[in-house]
Amino acid sequence: MTKLALNDHKLLRTSSYIDGVWITQAQNSFDVTNPVDQSVVASVPIHGKDETEDAVAAAQKALPAWRAKTAKERSALLRNWRNLLMEHQEDLAQILTAEQGKPLAEARGEIAYGANYMEWFAEEAKRIYGDTIPAPTGDKRVVVIRQPVGVVACITPWNFPSAMLARKLAPALAAGCTVVCKPANETPLSAFALAELAERAGIPKGVVNIVCGDTPAIGEVLTTHPDIRKLTFTGSTRVGKMLMAACASTVKRTSMELGGNAPFIVFEDADLDAAVQGAIASKYRNAGQTCVCANRIFVQASVMEEFSSRLKAATEKLVMGDGTQDGVTVGPMIHEKALIDVQGKIQDALDSGASLVLGGHRGSQGSCFLEPTIVSGVTDKMRLFREEIFGPVAPLISFETEEEVIHMANDTEYGLAAYFFSRDIGRVWRVSEALDYGMVGSNTGMLSNEAAPFGGVKQSGQGREGSKYGLEDYLEMKYMCMGGI
Ligand code: SIN
């Protein structure tokens with residue numbers, strides 16, 4: 001059993017939260033385990049169809065009063081919630097690390113990252129503007145207002161169990177929507193803790209509901225219930241496509257934040273130390289388990305040897321281990337199944353002629369630890385090139401010209417994040433425009449923040465989270481034609 005030394009033990013909630021009530025009754029339960037050693041962190045009741053229908057009914061009941069609040073009132077409640085997150089940042093980070101495995105410093109960062117979305121949307125709530133449009137005839141007025149979509153279903157992943165939920169809840173609540181959330185079964189405790197703080201912040205019962213347990217049964221209700229007007233999902237492209245298809249029967253709006261295959265390009269004119277730093281930040285964050293992680297590192301042939309040796313030296317300094325220990329910078333992967341899958345991708349590359357520069361083996365710390373790895377000589381035929389890796393593996397690919405690398409970088413069905421390093425201003429513009437991605441970082445390996453529109457093109461999804469655009473996904477436009485003037 002993982003023992004958590006929390007200052008506030010009430011934050012360790014372990015069951016679904018529906019209409020302001022913690023639902024502890026269930027026929028069965030499942031264990032949330034710590035990826036470091038598979039010890040049990042908590043046992044969570046399995047809820048399914050009935051509880052999800054109750055949650056939708058609660059959200060529907062709470063909707064009229066919530067949407068009728070003034071933007072200023074909703075904003076104040078969101079801000080209270082944000083403040084509570086930061087007040088309890090340490091406890092929330094401890095819970096997050098215990099169930100997810102990321103180092104505590106990253107977990108603290110994730111809590112602050114989620115709180116930033118709450119702060120941002122507390123402010124944006126007050127800026128939901130409409131339009132007046134000059135009418136084509138004198139006796140009419142054309143007015144456009146924005147109204148909340150209605151009840152929103154949020155399905156969130158295990159890699160950012162707190163921030164991905166905050167990034168959906170904050171704009172939904174700011175817009176005047178109520179929500180039913182289904183967190184990943186690997187990491188529900190961070191979601192329950194957010195709900196506990198929502199209650200303390202004064203958010204009325206029924207506005208935020210969390211259901212956990214039988215994923216297919218919950219998913220079935222969330223995708224087909226006529227009272228759910230929108231579904232927002234962060235996760236794999238495979239599951240996103242299934243959810244989109246299921247939502248078609250009731251024509252729900254969807255926002256999809258799906259998989260990526262991020263190119264990370266190092267041109268010969270780059271500041272190589274900055275590029276190495278960017279690669280380390282982008283590649284090994286959360287043990288390589290983010291959808292914006294550098295997935296294919298393209299290096300211009302003339303600087304490949306130098307870049308590769310500097311990247312190796314920097315990667316060797318990473319410390320893998322239990323994320324609660326001081327100095328640890330890379331935690332375990334979420335489960336052994338994920339690790340075996342990543343090892344399969346490494347083996348496929350080695351079998352096809354690539355070479356190991358560093359790592360490639362399991363760590364001695366436990367069954368979910370994979371050494372930070374660098375593989376050189378990767379080609380477009382290999383799984384490391386074509387598939388999202390979702391693990392701490394950096395594949396190096398050599399290129400000669402700008403034109404060639406743009407072609408290779410865009411040669412994927414994904415289009416989420418892309419990065420490149422160059423000190424040539426003309427190239428910075430050209431390459432930024434040519435990369436077929438929703439987000440492009442130049443001379444940085446980190447582009448996520450609440451002020452920016454996060455999202456992808458192609459099979460990486462649709463919709464944007466964060467920024468002024470993030471609210472649009474939770475608003476309907478209504479055109480009011482006023483005649484007889
Ligand atoms: C994700 O991996 O889904 C999100 C990463 C981020 O927000 O930076």
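Here are some questions and answers about the ligand site and selected residues of this predicted model.

In this predicted model, local features need pLDDT of at least 70 and side-chain atom pairs count only at pLDDT 80 or more, while totals for chains, interfaces and linings use all residues. Residues are numbered from 1 along each chain as its sequence is written, and side-chain values use heavy atoms, with hydrogens and water left out.

Q: How many residues surround the ligand?
A: A residue counts as near a molecule if one of its heavy atoms lies within 4 Å of it. The closest here are Tyr113, Arg167, Arg285, Cys291 and Ser448. The number that surround the ligand is 13.

Q: How do the residues of the shell around the ligand divide into nonpolar, polar and charged?
A: Ala, Val, Leu, Ile, Met, Phe, Trp, Tyr, Cys and Pro count as nonpolar, Asp, Glu, Lys and Arg as charged, and the others, Gly among them, as polar. On that scheme the shell holds six nonpolar, four polar and three charged residues.

Q: What share of the ligand's accessible area does the protein cover?
A: Accessible areas come from the Shrake-Rupley method with a 1.4 Å probe; for residues, only the protein chains shown count as cover. On its own, the ligand has 260 Å² of accessible area, and the protein covers 99%.

Q: Where does the ligand sit?
A: On a 1 Å grid over the protein atoms alone, a cavity is a set of points where a 1.4 Å probe fits but cannot get out. A molecule sits in one if more than half of its atoms lie within 2 Å of its grid points. By that test, the ligand sits in the largest cavity.

Q: Which backbone nitrogen lies 3.1 Å from a polar atom of the side chain of Gln289?
A: Gln289 is in the loop between H9 and E13, where helices (H or I, at least four residues) and strands (E, at least two) are DSSP runs numbered from the N terminus. Its relative accessible area is 1%, so Gln289 is buried (under 20%; exposed is over 50% and partly exposed in between, with a 1.4 Å probe and protein chains only). The nitrogen in question belongs to Ile334.

Q: What phi does Ala287 have?
A: Ala287 lies in the loop between helix H9 (272-284) and strand E13 (294-300), and counts as buried because its relative accessibility is 3%. Most residues other than glycine have a negative phi. Ala287 is not a glycine, yet its phi is positive, at about 55°.

Q: Which backbone oxygen does the side chain of Ser15 reach?
A: Ser15 is placed in the segment before strand E1 (16-18). With 3% relative accessibility, Ser15 counts as buried. At 3.5 Å, its side chain reaches the backbone oxygen of Ile23.

Q: Is Ala71 buried, partly exposed or exposed?
A: Ala71 lies in helix H2 (residues 71-87). Its relative accessibility is 25%, so Ala71 counts as partly exposed.

Q: How far apart in space are Ala71 and Ala417?
A: Ala417 is in strand E17 (residues 417-421), and is buried because its relative accessibility is 1%. In sequence, Ala71 and Ala417 are 346 residues apart. In space, C-alpha to C-alpha, they are apart by 33 Å.

Note on methods
On a 1 Å grid over the protein atoms alone, a cavity is a set of points where a 1.4 Å probe fits but cannot get out, and a pocket is an open set with protein on both sides within 12 Å along at least five of seven lines; lining residues have an atom within 4 Å of a point. A polar contact is a pair of N or O atoms within 3.5 Å; within protein, one must be able to donate a hydrogen and the other to accept it, and residues adjacent in sequence count only if both atoms are side-chain atoms.
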